[in-house]
Amino acid sequence: MAESQEVAGAIVHVTAGTFDGVVTSEGPVLIDFWAPWCGPCRAVAPVLEEIAREQGEQVTIGKVNVDEEPALAGRFGVRSIPTLMFFKDGVLQVTVVGAVPKAEIVKRLDALK
């Protein structure tokens with residue numbers, strides 16, 4: 001497990017220093033690029049927490065605060081938030097921009113298992 005990984009079912013706070021370790025975690029990885037002032041980001045947050053609790057060790061969910069990590073957001077060309085990026089084996093598979101329903105997020109994670 002990545003050193004920034006917390007207990008199963010928890011959301012990981014991701015920084016530029018921990019990003020590569022988190023996205024190479026075993027199983028599907030979802031990274032949420034967000035900011036505290038973003039309304040749609042705040043709407044997605046409880047959904048991601050629910051998925052993290054339900055899927056536990058099967059998936060890793062991380063959050064990147066774009067205000068704190070602008071270089072990381074730039075590295076992936078994040079222009080709108082929330083931006084959800086789905087990784088498998090450290091490789092970006094799918095990017096979804098905007099607040100999407102829980103079912104859509106779960107469907108994309110399941111497709112990477």
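A salt bridge is a side-chain nitrogen of Lys or Arg within 4 Å of a carboxyl oxygen of Asp or Glu. By this rule, the structure above has seven salt bridges. It is a predicted model, where local features need pLDDT of at least 70 and side-chain atom pairs count only at pLDDT 80 or more, while totals for chains, interfaces and linings use all residues. Residues are numbered from 1 along each chain as its sequence is written, and side-chain values use heavy atoms, with hydrogens and water left out.

Two more terms will come up a lot. Buried means under 20% relative accessible area, exposed means over 50%, and partly exposed is in between (1.4 Å probe, protein chains only). Helices (H or I, at least four residues) and strands (E, at least two) are DSSP runs, numbered from the N terminus.

- Side chains of opposite charge can pair when their charged atoms come close.
- Take Arg75 and Asp20, which form a salt bridge with their closest N and O atoms 2.9 Å apart. Arg75 sits in helix α3 and Asp20 in helix α1, so this pair ties together parts that are 55 residues apart in sequence.
- Arg75 counts as partly exposed, at 47% relative accessibility, and Asp20 is partly exposed too, at 41%.
- Glu54 and Lys102 also meet through their side chains in a salt bridge, at 2.8 Å from N to O. Since Glu54 belongs to helix α2 (residues 39-55) and Lys102 to helix α4 (residues 102-111), the pair ties together parts 48 residues apart in sequence.
- How accessible are these two partners? Glu54 is partly exposed with a relative accessible area of 49%, and Lys102 is partly exposed at 25% relative accessibility.
- Another salt bridge brings together the side chains of Asp110 and Lys113 (3.1 Å, N to O). Asp110 is partly exposed at 37% relative accessibility, and Lys113 is partly exposed with a relative accessible area of 44%.
- Some salt bridges share partners, and in this way Glu50, Glu54 and Lys102 are joined into one network.

**Aromatic rings**

- A pair of aromatic rings is described by the distance of the centres and the angle of the planes.
- Here is the rule: rings of Phe, Tyr and Trp (its six-membered ring) pair if their centres lie within 6.5 Å, and planes under 30 degrees apart count as stacked, over 60 as edge-to-face and the rest as tilted.
- Searching the whole structure turns up four aromatic pairs. One of them is Phe19 with Phe87, an edge-to-face pair with 5.8 Å centre to centre and 80° between the planes.
- Phe19 lies in helix α1 (residues 19-23) and Phe87 in strand β4, so the pair ties together parts that are 68 residues apart in sequence. Phe19 and Phe87 are both buried.
- Phe33 and Phe76 make a tilted pair, because their ring centres are 6.1 Å apart and their planes are at 50°. This pair links distant parts of the chain, with Phe33 in strand β2 (residues 29-34) and Phe76 in the loop between α3 and β4, 43 residues apart.
- Buried or exposed? Phe33 is buried, with a relative accessible area of 0%, whereas Phe76 counts as partly exposed at 22% relative accessibility.
- Put together, ring pairs link Phe19, Phe33, Phe76 and Phe87 into a cluster.

**A charge over a ring**

- A charge sits over a ring if NZ of Lys or CZ of Arg is within 6 Å of the ring centre and within 35 degrees of the ring normal.
- Lys63 lies over the face of Trp34, at 4.9 Å from the ring centre.

**The disulfide**

- A disulfide is a pair of cysteine sulfur atoms within 2.5 Å, and the count by this rule is one.
- Which cysteines form it? Cys38 and Cys41 do, with their sulfur atoms 2.4 Å apart.
- Their link is right-handed, with 80° about the S-S bond, and both Cys38 and Cys41 are buried.

- Most residues other than glycine have a negative phi, and most peptide bonds are trans.
- Ile81 and Pro82 are joined by a cis peptide bond, with omega about 0°. You'll find Pro82 in the loop between α3 (70-75) and β4 (83-88).
- Asp89 isn't a glycine, yet its phi is positive, at about 55°. Asp89 is in the loop between β4 and β5 (91-97) and counts as exposed, at 59% relative accessibility.
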